Amino acid sequence: MAKANVKDLLEAGVHFGHMTRKWNPNMAPYIFMEKNGIHIVDLHKTAVKLDEACSALEKLTSAGKKVLFVATKKQAKEVVAKHASELNMPYITERWPGGMLTNFVTIRKAVKKMNSIDKMKKDGTFETLSKKERLQVDRQRANLEKNLGSIADMVRLPSAIFVVDILREHIAVTEAKKLGIPVFGIVDTNSDPRKVDFVIPGNDDASKSIDMILNVVSDSIREGQSQRKADKEKSKEEGEKVSADTDADFDAE
């Protein structure tokens, strides 16, 4: 499993929290000190909690589970999209579609609508429409792609969600908790850590900090995916061996 390094976390600025007047008292156990009106996160605790989160994520992905990444703030969007895409995991970096989890059937209908438009363009039906209708369909397709493009292949609810800034993404956190879906989150000093299952205390406002944490998280997920692949190949080989042994028994008879 990938391990968090306190020195790397420090260099990435993961220790910088919010102004003291904006703090959430429930983050007190993860705060090291106050400096110039800013709370400083205890990176030793960040490293421990990050390792715990990574261990759980590796276990989930080694079982073939999907993790939905959520980050709609400007500083996190590109970073999260990059990591999630490389891991072949679904992600939301535009507006969170209300009911994304709690009303998943409706979301799937919207995805099917997007796919049906793609089919129209492939089979030539699109060209039979008037110029005005084509423009309307194109606009609808672009809007669906913006909001749902990254989850178009997600046919079932995710086994967990990973959130950057649980205060901003409170609707996503609430929906996941309502359905019993584990929540992993980068939690800054202005947020309530009790709202997530796996707390990663740290700076959720700087791209460098978010990228540093996601590098460690991504490495753990890759290890889980590699283990999953190795287990499947082993099972296939064992199955082929059993089949060959059975055939040999029949031949002997």
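This briefing covers a helix, a pocket and a few single residues. The model is predicted. Its largest pocket has a volume of about 380 Å³. That pocket lies between domain 1 and domain 2, because both give residues to its lining.

**The largest pocket**

- Twenty residues line the largest pocket, and the closest to its centre are Lys66, Asn88, Pro90, Asp153 and Met154.
- By type, the lining divides into ten nonpolar, six polar and four charged residues.
- Domain 1 covers 6–100 + 157–238, and domain 2 covers 102–155.

**Helix H2**

- Helix H2 spans residues 43–62, which makes 20 residues.
- From its first C-alpha to its last, H2 reaches 28 Å, close to the 28 Å expected at 1.5 Å a residue.
- At the start of H2, a side-chain oxygen of Asp42 comes to within 3.1 Å of the backbone nitrogen of His44.
- The buried residues of H2 include Leu43, Leu50 and Leu57.
- Ala47, Ala53 and Ala56 are also among the buried residues of H2.
- Just after H2, Gly64 has a positive phi of about 80°.

- Most residues other than glycine have a negative phi.
- Asn36 has a positive phi, near 55°, and is not a glycine.
- Asn36 sits in the loop between strand S2 (31–35) and strand S3 (38–41).
- The relative accessible area of Asn36 is 70%, so Asn36 is exposed, as the cut-off is over 50%.
- Asn88 is not a glycine either, yet its phi is positive, at about 60°.
- Asn88 belongs to the loop between helix H3 (74–87) and strand S5 (91–92).
- Asn88 counts as exposed because its relative accessibility is 57%, and exposed means over 50%.
- Asn88 is also one of the residues closest to the centre of the largest pocket.

**Ser116 in helix H4**

- Ser116 is part of helix H4, which runs over residues 104–123.
- With a relative accessible area of 31%, Ser116 is partly exposed.
- Ser116 and Arg141 are 25 residues apart along the chain, and their C-alpha atoms are separated by 9.8 Å.

Key:
Residues are numbered from 1 along each chain as its sequence is written. Side-chain values use heavy atoms; hydrogens and water are left out. Helices (H or I, at least four residues) and strands (E, at least two) are DSSP runs, numbered from the N terminus. The expected span of a helix is 1.5 Å times one less than its number of residues. Buried means under 20% relative accessible area, exposed over 50%, partly exposed in between (1.4 Å probe, protein chains only). A polar contact is a pair of N or O atoms within 3.5 Å; within protein, one must be able to donate a hydrogen and the other to accept it, and residues adjacent in sequence count only if both atoms are side-chain atoms. On a 1 Å grid over the protein atoms alone, a cavity is a set of points where a 1.4 Å probe fits but cannot get out, and a pocket is an open set with protein on both sides within 12 Å along at least five of seven lines; lining residues have an atom within 4 Å of a point. Grid points are joined across faces, edges and corners, and a volume is the space filled by probe spheres set on the points. Ala, Val, Leu, Ile, Met, Phe, Trp, Tyr, Cys and Pro count as nonpolar, Asp, Glu, Lys and Arg as charged, and the others, Gly among them, as polar. Domain bounds come from an automatic or database domain assignment.
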